[in-house]
Amino acid sequence: MNKSTLLMALPFALASLSGCASDINSNYYNTSSVGQVAQSQGCTVVSVRPIQVATQNGVGTAVGGIAGGLAGSQIGGGSTAHLLGAVGGAILGGIAGDLAQKEMTSQYGYEYVVRLDNGSTVSTTQGGDVLLNPGQRCQIIFGDRARVIPN
């Protein structure tokens, strides 16, 4: 594959990073969860803490590094300049790609510590679609992933 073909394909690869963020909100269910039975227990919210969730799988760094390396290799007229441009471009592209992935996949949510009606305390994290307050009565649903929902 030649350089121009790779350079044309990279924007599509970078655009696909935005699809890497899974929905962490309490109202989101995967189709495989439909029809599944999950245990539920009454609880009271003890504490709430805002959190940020980001996907870190290295795709942004890799894609950015490749793009930067290819672009940097076009710098200069000699083979040394091409090599130095490729190395520098790969480093800068990797950093930029990593930052882009963090920005595109980052989501806000909450960590909830809840006291179950049986007296035990558990914590879980979920998206920021529903804000529950300390002292509020809720239900915690245990399944593929735990969810705290208002009563």
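Two strands are said to pair if DSSP finds at least two bridges between them. Strands themselves are DSSP runs (E, at least two residues), numbered from the N terminus. Good morning. The model before you is predicted, so local features need pLDDT of at least 70 and side-chain atom pairs count only at pLDDT 80 or more, while totals for chains, interfaces and linings use all residues. Residues are numbered from 1 along each chain as its sequence is written, and side-chain values use heavy atoms, with hydrogens and water left out.

I begin with the strands. Strand 1 (residues 39-53) runs antiparallel to strand 4 (residues 137-142), and six bridges join them.

Thr124 is buried, at 13% relative accessible area; buried means under 20%, exposed over 50% and partly exposed in between, with a 1.4 Å probe and protein chains only. Beyond its neighbours within four places in sequence, Thr124 is in contact with residues including Tyr110, Ile140 and Val148; contact means heavy atoms within 4.5 Å.

Finally, the cysteines. How many disulfides does the structure hold? There are zero disulfides, a disulfide being a pair of cysteine sulfur atoms within 2.5 Å. The closest cysteine sulfur to that of Cys43 belongs to Cys138, and at 5.1 Å it is too far for a bond. Cys43 is buried, with 0% relative accessible area, and Cys138 is likewise buried at 0%.

Terms used
Helices (H or I, at least four residues) and strands (E, at least two) are DSSP runs, numbered from the N terminus.
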